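We will go from stop to stop, picking residues and looking at what surrounds them.

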Amino acid sequence: MLILIQNTIGTIRGLLGIITNGLKMFLPFSSSQQLGEELVTDGNFPNGDNWTEENGWTFANGFASFLYIDVSNSKLTQDVGLTSGKTYRLTLDYTRSAGSFTVRELSGSGYVVLGTFSDVSDSIELTFNSTSNNGTLYITAVSTTFVGSISNVSVKEVGQFSLDETTNNNNAKLFTGNALDFSGNDYVDIDGFTMSGTNATFAFWANIDITTNYILDATPNRLVIGFRNNNLSLFSVDAWAEFGAISTNDYQRVVITTSGTTAKCFINGVQLGVDQTIIAIDLSSASAVKIGSSNTGSSFYYNGKLSDFQIWNVAWSATDVANDYANPNQLVSSVSVSNLKGWWAFTEGSGSFAFDNATAPGSELIVNGNFATDSNWSKGPGWSISGDVASSDGSQSGLSYLNQSGAIVSGKTYKATFELVSRSAGEVRVFVGGVENNSPKTIPAIYTEYITAGSTAFWIRASSTFVGSIRDVSVKEISAGTIAGATYEPAQSSVLQLGMINWSNGSGVFLPPSPSNATQDILGNAVRDRLNSLNLTGTGVAEVTDNNSLDFGTGDFSVETWAKWDFVNSGSSYNTIYSNGGLVTGTSNFGLVSSSTGDKIRFIVNNTNCISTSTFSNGDWVHIVGTRESGSLKLYINGNKTPEATASNSDTVTNALVKSVGKDAQTFRFYHNLIDDVRVYDRAITSTEVEQNYKAGTSAHTN
């Protein structure tokens, strides 16, 4: 089962024994949460000191109250740091006896109304995309007739955040999730998906561009999740049930449950509209099923992004829905995973298949794939079996086949693997049901292909000149949707975050663990344990809140981290571990990077380099500390009290640019492995303190 390891031990072991004097940021990446820090000061109104009020507003007993006076549009305001383009969650409680009030933000030359409220009383929750140009929240008594009170005002940024363990709120917003982007002419074909029973849960993250068309369509006994009259709706058999309107252009967790003839819809853990009466669903004989279009794949195309698409044969409770939203990196723990019938995480990042992690691979279909005997295979000219390999001697006059038939089913998807042991001439290809996906194989290696079969045979095909050997042939059926047009979008926030879970990179796809075997993904690849660290794929990043506590000017500072070494040359000689702004080789910043120059670590301050003398192998944990004191740079590796490199530097280091864990401002300098315990100090820690921090973290960074 997929588990987010919310391991408080990780935080405790990070705080016990480490130096805290001058510590301005500590990111242990032990867990994440769905909302950022509280942006409102004194939202429960102990007094009005942090609010700017106009005529009519008063403060008492935890409330901001407005009593009718002869003035309209009287404002209660606070600069909460709203940033244009970001998504926020606003909550507040109110009571009123007359008139109405609005919540607004300043945008351009005018105000944008986020909501107007006139009920007798309510607890409101409002999600909005900010267009603010001054960061201020406005609570406005619209007319002279408003009489009421406001309390418990809260504004938090929406996303996923790993929290700073200091009091400075230098939290890291995570952008390590993937989604599938549907452009209005795309779909995922999951034909053949079936599920028994009339109880169900459909859960997914949706970032919707247009509130029309279908998200899921199955037939016969028609079931559609989509939009009617711009309302999120469910069609069952012959009638629509409309839940209500849903916002666009931000990620929302959508959960629809059916229990017999009752359907409910939840958005971000809160029920949308009221219970709807439907004809009980029946997917037991479903044959044509599409995500993102009509069941024919020819119309009603969805427009937007989808991620973490789950189908269960049980109706979640309201508590399950709330837990699912609060913990987006794990499956609902109170429901048996045996009830999970489909899980397309859309985390692959490449390729034409969307793998279903709820379904284990089928049994082995190849007999004698290890070539232990000279049997079970039909051999064409030039092929022979001996010594646990199948070999071709190049004596064939044309194409020659090594094949088995009967086990493959046309239309199903398979994982095929084999090892090309040796090759001196020609090339070899693999066909599943007469279909191949990749190029001819000429370099000895283990190869994996995912193929939807077109017939019943499995072939290894040698060219007329192929001289070489193969072994360990395997073919297993897998459950996967075929992607028609939709493309993967990496570095998404809010959705399932790869950086905060275990995953495997099987043949270039990033898959969370199979629910039936937490040590493997659905394709049988071993997962990489997160080890209470930020588990990066080479596309994600954690962006650190811009805070004055990390603005060091020309002063002293230290930056420290643990990183599991992994250099991937992706168009740059650097893979960035931490950047305090901009480019690691630009101005007004500092950072730590892995470098291809002799497999070294670099501590870069503006354009001044400290380069380690040690070299590292992939998979090694490395403890890294860079300090600047009175213009002198030092780089410490693995707790050594003597710095491995020194340099002189007097340039200014500022805080004006985005700080990141896992990349810098370049689009290709991503890190590809684990990063843990990122710390920044406003002073140069001593060599003795470097050693102490290293010893405090060694036991947690040994595997």
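Which backbone nitrogen does the side chain of Asp164 reach? Select Asp164 together with Phe26: the side chain of Asp164 comes to 2.8 Å from the backbone nitrogen of Phe26. Please keep in mind along the way that this is a predicted model.

**Stop 1: the loop between E12 and E13**

Stay with Asp164, which sits in the loop between E12 and E13. Asp164 is buried but takes part in no salt bridge.

With a relative accessible area of 0%, Asn170 is buried. Show Lys24 as well: its C-alpha lies 8.0 Å from that of Asn170, although 146 residues separate the two in sequence.

**Stop 2**

**Stop 3: Arg530**

Next, select Arg530, in the loop between strand E43 (517–521) and strand E44 (534–535). Its side chain reaches the backbone oxygen of Phe29 at 2.7 Å. Arg530 is buried and has no salt bridge; Asp676, the nearest side chain of opposite charge, is 7.0 Å away.

**Stop 4**

Move on to Arg253 and Asp324, whose side chains meet in a salt bridge at 2.8 Å, N to O. Arg253 is in strand E21 (residues 251–259) and Asp324 in helix H2 (residues 318–326), so this contact ties together parts that are 71 residues apart in sequence. Is Arg253 buried or exposed? At 1% relative accessibility, Arg253 counts as buried, and Asp324 is buried too, at 3%. In total, the model has 22 salt bridges.

**Stop 5: the largest pocket**

Select Lys86, Glu157 and Lys173, which salt bridges with shared partners join into one network. Those three residues, along with Phe161 and Phe175, lie nearest the centre of the largest pocket, which has 36 lining residues. The space in this pocket comes to about 730 Å³.

Colour the strands next. Several supply at least two lining residues each, including strand E2 (33–38), strand E7 (87–98), strand E12 (147–162) and strand E45 (541–544). E12 gives the largest share, four residues. By class, the lining holds eleven nonpolar, 16 polar and nine charged residues.

**Stop 6: the second largest pocket**

For the last stop, select Asp191, Gly192, Ile478, Ser479 and Ala480. They lie nearest the centre of the second largest pocket, which is lined by 23 residues. About 500 Å³ of space is found there.

Which strand provides the largest share of this lining? Highlight E38, which contributes three residues. Strand E27 (340–344), strand E37 (467–478) and strand E38 (480–484) each supply at least two. Coloured by class, the lining of the second largest pocket shows seven nonpolar, ten polar and six charged residues.

Methods. Residues are numbered from 1 along each chain as its sequence is written. This is a predicted model: local features need pLDDT of at least 70, side-chain atom pairs count only at pLDDT 80 or more; totals for chains, interfaces and linings use all residues. Side-chain values use heavy atoms; hydrogens and water are left out. On a 1 Å grid over the protein atoms alone, a cavity is a set of points where a 1.4 Å probe fits but cannot get out, and a pocket is an open set with protein on both sides within 12 Å along at least five of seven lines; lining residues have an atom within 4 Å of a point. Grid points are joined across faces, edges and corners, and a volume is the space filled by probe spheres set on the points. Ala, Val, Leu, Ile, Met, Phe, Trp, Tyr, Cys and Pro count as nonpolar, Asp, Glu, Lys and Arg as charged, and the others, Gly among them, as polar. Buried means under 20% relative accessible area, exposed over 50%, partly exposed in between (1.4 Å probe, protein chains only). Lys and Arg count as positive and Asp and Glu as negative; His and the chain ends are not counted. A salt bridge is a side-chain nitrogen of Lys or Arg within 4 Å of a carboxyl oxygen of Asp or Glu. A polar contact is a pair of N or O atoms within 3.5 Å; within protein, one must be able to donate a hydrogen and the other to accept it, and residues adjacent in sequence count only if both atoms are side-chain atoms.
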